[in-house]
Amino acid sequence: MVGWVSTLERHEIQAFLTLAEILTLVGAGRGVFPVGAHTRRYYVRPDVACVPVRDAPPLEWGLLWPATGATARVRAFSEAATDLTSGAT
């Protein structure tokens, strides 16, 4: 993952490669970054406050892989994930 976070005071852009890295930047007071609500459950950090954005649209997730990587195993995983989440809200 490559992304950016805008700092609160200087409006600079800070590059990062992983979610752990961005949470470290946020925890150090170097910006903010919107994440899904599940992040609070899986990435517990005392230096990061999760603030709900109540009027934001729901976050949608999907599986991605390179077109050349569509192996039988990848297709089977995709089908299993789709079956597992087909009734999820």
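The largest pocket of this predicted model holds about 900 Å³ of space. Here a pocket is an open set of points, on a 1 Å grid over the protein atoms alone, where a 1.4 Å probe fits, with protein on both sides within 12 Å along at least five of seven lines; its volume is the space filled by probe spheres set on the points. The lining comprises 27 residues, of which Pro34, Val35, Gly36, Ala37 and Val51 are the closest to the centre; a lining residue has an atom within 4 Å of a point. Helix 1 (19-27) and helix 2 (38-42) are the elements that each give two or more residues to this lining. By class, 21 of the lining residues are nonpolar, 4 polar and 2 charged, with Gly counted as polar.

The chain as a whole has 3 helices and 2 strands, in the order β-β-α-α-α from the N terminus. These elements are DSSP runs: H or I over at least four residues for helices, E over at least two for strands.

Trp65 lies in the loop between helix 2 and helix 3 (72-85), and its 35% relative accessibility makes it partly exposed.

Side chains of opposite charge can pair when their charged atoms come close. The whole structure contains 1 salt bridge, a side-chain nitrogen of Lys or Arg within 4 Å of a carboxyl oxygen of Asp or Glu. Arg45 and Asp47 meet in a salt bridge at 2.8 Å, N to O. Arg45 is partly exposed at 26% relative accessible area, as is Asp47 at 34%.

Residues are numbered from 1 along each chain as its sequence is written, and side-chain values use heavy atoms, without hydrogens or water. In this predicted model, local features need pLDDT of at least 70 and side-chain atom pairs count only at pLDDT 80 or more, whereas totals for chains, interfaces and linings use all residues.

Methods: Buried means under 20% relative accessible area, exposed over 50%, partly exposed in between (1.4 Å probe, protein chains only).
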